[in-house]
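Here is a short briefing on a protein model, for a reader who has not seen it before. The points are grouped by topic.

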Amino acid sequence: MDNVVELFTAQAAERPDTPAIIEGQGRRRRITTFADLDRQGAAGAGRLVSSGIRPGDRVLILVPVSARLYAVLAAVFRAGAVAVLVDPGAGRARLAESVERVNPAAFVGVPKAHLLRLLARSVRQIPQSFVTDGWLPGAQRWEGGPPAPAVPVGREAPALLTFTSGTTGRPKAAIRTHGLLAAQHAALSRALDLRPGDIDLCTLPVVVLANLASGITTVLPDADLRKPGAVDPERLGRQINQEQPNRCVASPAFFERLLTARGSLDTFRRVDTGGAPVHPDLLARLAEHVPEAVGVYGSTEAEPIAHLDHADLPAADRQRVAGGEGLPVGTPVSEVALRVVPDAFGRPLGPFTDDAWDAHALPAGASGELVVAGDHVVPGYLDGEGDEETKVRVGDRVWHRTGDAARLDADGRLWLLGRAGQGFHTASGVRYPLQVEAALRHRFGVRAALAGVHADGASVDALRLAVEGPLSPAVLEAARDLGITRVVSVEALPMDRRHNAKIDRAALETLLDARA
């Protein structure tokens, strides 16, 4: 394979009239077939090539999740250029900074996105501008280019550049090659059991790409996916009833909302949820409606890493969750190599020889920092920025530090404990937040978040716990048993903006400091 777009064109040839993407409802409902997507991608690539875009040039894309977005991505891949995606929710200043770093040769955006040419100097200086719909001064129309064949750039050529969230510092630009995207598709296909002909209600863009390469119809939810924890389940229920999808891939917060609507899950054969901690009780509730309920664990740089079917979670493991041993995420996928090493978050590691690396790894049962490697794992960032603290060179291989604390049990199953570097050194040993939060949720059904009270730069003289809603005597007693000295009731825990399912730790500290 010389260009990842070949995975899409193969599906267009095999099932041209099958819907590739369905979006909207009622009068806004629109179907884009695999043939439509292929034609749009070929014409878009022709427009890029005829405008002077060459293999390796970077193209900034500001198009909301839609069939149009995937047509533009296919066009950029086909032209051998590099697609650059920036989270518009990151803010104008962050976007301008990211654009300056990648120096795009072209910009493709919806009409509203072109306002950035007026507001951001870095966007205004991009040599070529294309608008996806209508006409705007200073921008070329996206449609209408002569169809162009796929440029054979090779597996090692860069294809996609995306930015990390930057919640803990300056965002890093992850580079995915054509070969890595193909390997990621293969890994996702096996982990998610992607079957041609399925219909998938999907909220995760990386899985939509895998669907397109697998001959699966994607239904884009008729909802504002910037806030999955606030989507309208009744509106989604009407869309599900019309489209009859038999699978769904989404964040835990999205499924929490779907579970509130009667019958909204009844059409699904399988659901996969990830992007945030997947607790056993959520899988259990999903399994009441769906034959297969699966939690998927991965990261921006390594997707997937492990998966857990509800049917494979024994009662003994649930008791371990209740006892504060962490959150089970299942068996690592066959495509990933995995190690748990001593937690050295924030400090560079390596390089190592293969033998030294094996000796550095911790045995089963020991807790530490999770590191992974594989053909679908991003080996580095743009200009090497961020590599020193997140990558480990072992011989000729690069390993990625996930930033998660974890352990492997005696059966080779992976358990998450929290974020690396966030373990609290207490008199009874190191305790990570997710151990406590998962235990209390499993035992009492409460949502809680753990924080420390720092006596100096390193030690912790107390653990604080925020609990949503009223405090029961049982929760207070359990918190004391877990070594927590201060428990506070809060109306709502602060959550991340992207998935609405991860604790915003910085905001939590601010909230607890104010309550103190």
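In this predicted model, helix α12 (residues 315–322) and helix α15 (residues 433–444) have axes that come within 7 Å and cross at roughly 115°. From α12, the contact is made by Arg318, Val321 and Ala322, and from α15 by Ala438, Ala439, His442 and Arg443. By type, the residues of this contact are four nonpolar, one polar and two charged.

**The second largest pocket**

- The second largest pocket holds about 390 Å³ of space.
- Its lining counts 20 residues, and the closest to the pocket centre are Leu180, Gly374, Asp375, Val377 and Pro379.
- Two or more lining residues come from each of β9 (173–177), α7 (178–191) and β20 (397–408).
- With four residues, β20 gives the most to the lining of this pocket.
- The lining of the second largest pocket divides into eleven nonpolar, five polar and four charged residues.

- Strand β18 (residues 368–373) is mostly covered, with six of its six residues buried.
- Strands of a sheet pair through backbone hydrogen bonds, either parallel or antiparallel.
- Strand β17 (residues 337–341) is joined to β18 by five bridges, and the two run antiparallel.
- Within this pairing, Val340 has Leu370 of β18 as its bridge partner.
- β18 is also joined to β20, by four bridges, and these strands too run antiparallel.
- Here Glu369 has Ala405 of β20 as its bridge partner.

**The seven-stranded sheet**

- An open sheet of seven strands runs in the order β7-β6-β5-β3-β4-β8-β9, and its pairing is mixed.
- β7 (140–141) and β9 stand at the edges with a single partner strand each, so one side of each has no neighbour in the sheet.
- The edge strand β9 is also one of the elements that give two or more residues to the lining of the second largest pocket.
- Inside the sheet order, strand β3 (residues 58–62) and strand β4 (residues 82–85) are joined by four bridges and run parallel.
- Ile61 has Leu85 of β4 as its bridge partner.

**Backbone exceptions**

- Most residues other than glycine have a negative phi, and most peptide bonds are trans.
- The peptide bond from Glu303 to Pro304 is cis, with omega near 5°, and Pro304 has its place in strand β15 (residues 302–309).
- The peptide bond from Gly350 to Pro351 is cis as well, with omega near 5°; Pro351 is found in the loop between β17 and α13 (354–360).
- Asp193 has a positive phi, near 55°, although it is not a glycine.
- Asp193 is found in the loop between α7 and β10 (199–202), and it counts as partly exposed because its relative accessibility is 24%.
- Asp383 also has a positive phi in a residue other than glycine, near 60°.
- The place of Asp383 is in the loop between β18 and α14 (387–390), and at 70% relative accessibility Asp383 counts as exposed.

Methods. Residues numbered from 1 in each chain as written. Predicted model: local features only at pLDDT ≥ 70, side-chain atom pairs only at ≥ 80, totals over all residues. Heavy atoms only, no water. Axes fitted to C-alpha atoms, helices over the stretch in contact; angles between N-to-C directions. Contact = heavy atoms within 4.5 Å. Nonpolar A, V, L, I, M, F, W, Y, C, P; charged D, E, K, R; others polar. 1 Å grid on protein atoms, 1.4 Å probe; cavity = no way out; pocket = protein on both sides within 12 Å on 5 of 7 lines; lining within 4 Å. Points joined across faces, edges and corners; volume = space filled by probe spheres on them. Buried < 20%, exposed > 50% of the residue type's maximum accessible area, 1.4 Å probe, protein only. Pairing = 2+ DSSP bridges.
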